[in-house]
Amino acid sequence: MHLKEQESIGATEQKHTAILDAKVATPDFKKISSSLPLGQMVPLSAISGPTYVTAQLLVQQVAYKLSDKIFSYSPETFDLDVAAKNWSEKKEDNIHGYPTTLVPLETRTGAGAFALGYIFSKDFDLSKRTIPQSVLAPSLSLNHLRAALDQLSLLYGVASPFVAHVAAAEYSDKNGLYPEYNTALQLSEELGLGLVSSGSAYEAQHMSILATLMASIMPTLHIYDGVRTSRETLRVIDTLGTIGVRDVYSAVLKAASTLNPRLDEAGKVLELFKAFNDHLGTDYQPFEYHGHKEAETVLVVFGSAEAQLAQQVSTHLAANGVKVGAVNVRLYRPFVEEAFIAALPSSVKKIAVLGQASSDAAVSLLYSDVLTAVSFSDKLQDPSVVELKYSASDVLTPKSLCEMITGVAIEKGAESGAQFLRPENTLQFSFWDLDNSASVASPSVLGHVFSRQSTANVYVHETHDNLVQGGIIRTDIRVAKRTIEAPYPVQEADVAFIGEEKLLKELDVISTVAEAGKLIVKLFDFKEEDVEKRIPPVARQQIQQKGIQVFVFDPSSSSLAEEEKTLTELAFLKLSRPEIPVEEYIPLILSRESAPALADALEAVETSLRQIEVPEAWATLPEDVEATSLPAPKNTSFVGFEKEEVEETPELTSWEAAAKALVFKEAYAAQDNLRPDLNVKTFTVKVKENRRLTPDTYDRNIFHIEFDLGTSGLTYQIGEALGIHSENDPALVQEFIDWYGLEAGALVQVPSRESESIQETRTVYQALVQNVDLYGKPPKRFYEALSEFATDAAEKQKLADLGSAAGAEDFKKRSDVDTATFADILTEFKSAHPCYHDLARIVGPLKRREYSIASAQAVTPNSVSLMIVVVDWTDGLGRKRLGHATRYLSSLAAGASVTVSVKPSVMKLPVDDKTPLIMAGLGTGLAPFRAFVQHRAMQKAAGKEIGDILLYMGSRHQREEYLYGEEWEAYVNAGVVTLLGAAFSRDQAQKIYIQDRMRQTIDDIVTAYVKNGGSFYLCGPTWPVPDVTAVLEEAIAMNAKAAGKKCDPRKEIEKLKEEGRYVLEVY
């Protein structure tokens, strides 16, 4: 869709003409991504002049136009590169005369190696050495890029200009998505990187260009809010097109080339700012002051929303006589202390630093820089420096920031201004709906309708909360004649639309509606007498107290019930913009060929929309109802939750019969289950994180994988195992299908993976990927069964021998040395070619693999974690082999769906929280103990008394295999883990094993295990069991000897086993 703003037509009587002349089929509005304006793709050539954009779109435009290559680390749903990818596919030229290449990459350990390899490749085209290389990434990727950025910084003198456009975005189970700046601040300081920020879409394009220019001096990060401000659709008047971007970049770069080479990096960057401002006529500064000219209290901020709000609040308070101001740190690195001091008014007595901190105890990086600058300055009158900490997940608003600054202000003045600042002369609307609603795209359509008015500025932003009702979207729309800068949710909506009545029970909707505002509630099959049954009592009370007008929207009551989306848009326009006749919007809403007639549509709106009375009795709650506060939606995603349809598996063998089974389920005994082939309860979860724990150069790939439970309903207990229903490699399966001559889409029946008595109907491809153990190890009976299908006499005899005692030696070699698979044997004995049904029968089903869970659900309620080592080896024929399940899991990308189940375990925590724990884990055997410690840490944080924890861990090398090492040390420092005994067997000449560490601290074991009744757990391989048990027996004997008692340590161990105080989970 072309989103470039139309030229103003000026006269009042003409202001709706542009709407009537529009030729846009809005009912077919398809939202591509929340990172695009109104969710729509924008042609590169359309970005110029007054244009509706998002900050993320402008970042991509600059990166695309100025770069040789873009290395994108965008997670699948973040869409940081969706527009650039589209332009690259269409071969759009950059300013250098050729299409920019976009390289999509995954966020993982060593993520930056590819980009680094390209820049320093011996085959690199040296004619492109001065052309910038760009990165698009979220802040959560920065730590994975650290090693590459470190190398780049050291070798920057011989590298291409490098700029990373970083969307500040992090995710946690508790807080969802939130803008996180600390990682970028820390990396820029430690690695010597430039760091510049942009506050909104109005600055994003300019700051993207400036950051790219700074890259000619030093490797540079450009950071901006990746959760909210970068995804706000709004109109930017002075958007630079291709020529404008080229001219600014070329002119300022030329000026930069003439800079005094004796200047340090800070001096060069300051000169670059000046040249940039001179060319554009702007006034960007490294530190920008707003507020009272004689401010006594000054707030210092860094960040997108932070900068906008600080400017608004300080300006508002100053206008009301409060002597406060704010400094927006636009350039964090290099931190030019002289420029910072110069930005402060000479009257300042107190400097309050709004610092994003990871914990209450942590000191923010920004505070440290400000404190240092002020301490060494002789130009100020010794102002005090205080820190106002906030969490990255805190949602800042004008009200909350106003309260912060007035709380520390020296003189508060006559008015604190702590009320919520509503954007002046602005209409505000909000939509609350399910993400699979028929009218889910209506807010974007309405935003587009409003944007067609040449005199209007429109703002649209949506929030996804996938944890409520299976996924909801809140969309805020603002309309004003002036520029809109409001990086916070609408709190005083003139009109609010509720698309699902259940949301009134789960979310705080009514408090966001303005006094005397309008509320539209969609209620299908509405009856007047049912109104109090369908609107909750607390919501009714809020409605009455705020004087809100309530309208019921019931599409089912009209003759055009199937046009729910269209009626939603017309009904909303009727109430939100009553000054404009609804007929004038009809050409936009009803432009498609199948749209209803104008008269019918207007009649349907009148029928489906009605106002209801709000009686005074609503102000009083029923006696059995208590007033409770409801939460606001939490931004948990940038897309709606993908609702997976249940796989239909009737016991039939053709598409026609399958269709009958779906219609006549009882007659055909057809079931609709997620995986009816499995006799265990299964769940579908999504990969949230897949992170290698060991270095890429290390010969063992141990990785941490975390699954987002979403709405799966999966629950698990501490110590339980997660069953992974893994799949065969799709590429190998397709290769086998092609070679074997099968039809991939043909319907077949296969035995269940868990019970061969259960049959399942699937396509050949599905079955070979998910059901048939094609790449497993064949037993003797397979050779015997396959021999029956061999047509070649020699092959028939050979297979028969392998299935009998006569071929025992050859069988053992194939199985143990060559590790032959079913597919290998079928390939070798080509004359043995059973049909698909026989093949599936003699091969057998895939089995689930189980792994100890490495998380506690009480701590991470919406996720489950595993720690796994990839099983790999080289067989007797020199082929690299991988374990089935570990290959499958290690290759999964974030967002991939996985079928899982839960298996109980003997690894259980003692009932008494004060019982000491003695845990010994080798390698990935540490997994369940991570869950144990997480749970005990949570209890300690809640003020509960917990028992001692002795944790012994064993692996080969500390540098490569110190698995979760930082976590263990943190727990030691927090007093959760009492003793950490780490045995790295190969880090010294004499090998040290886990039992050696235990023996070195045997006094602690005596106290915790014997005297205080602790419980012992061992998880990992079986080989250390005798040695570890021997240490425990020594501890028992030592205690008995000290007490002057006789005992048999072996018998005591047997008693401890029966009491559940000696627990082994070995393999």
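**Local features of the predicted model**

The side chains of D554 and S556 are joined by a polar contact of 2.4 Å (a pair of N or O atoms within 3.5 Å; within protein, one must be able to donate a hydrogen and the other to accept it, and residues adjacent in sequence count only if both atoms are side-chain atoms). The model is predicted, so local features need pLDDT of at least 70 and side-chain atom pairs pLDDT 80 or more, while totals for chains, interfaces and linings use all residues. Residues are numbered from 1 along each chain as its sequence is written, and side-chain values use heavy atoms, without hydrogens and water.

D554 sits in the loop between β22 (549–553) and α18 (564–576). Helices (H or I, at least four residues) and strands (E, at least two) are DSSP runs, numbered from the N terminus. D554 is buried (under 20% relative accessible area, 1.4 Å probe, protein chains only). D554 has no salt bridge (a side-chain nitrogen of Lys or Arg within 4 Å of a carboxyl oxygen of Asp or Glu). The nearest side chain of opposite charge, R610, is 4.4 Å away; Lys and Arg count as positive, Asp and Glu as negative, and His and the chain ends are not counted.

V769 belongs to helix α24 (residues 764–770). V769 counts as buried because its relative accessibility is 5%. The C-alpha atoms of V769 and P730 are 6.1 Å apart, although 39 residues separate them along the chain.

Strands β2 (residues 69–72) and β3 (residues 101–104) pair in the parallel sense over four bridges; pairing requires at least two bridges found by DSSP. I70 stands opposite L102 in β3.

Definitions and conventions: Buried < 20%, exposed > 50% of the residue type's maximum accessible area, 1.4 Å probe, protein only.
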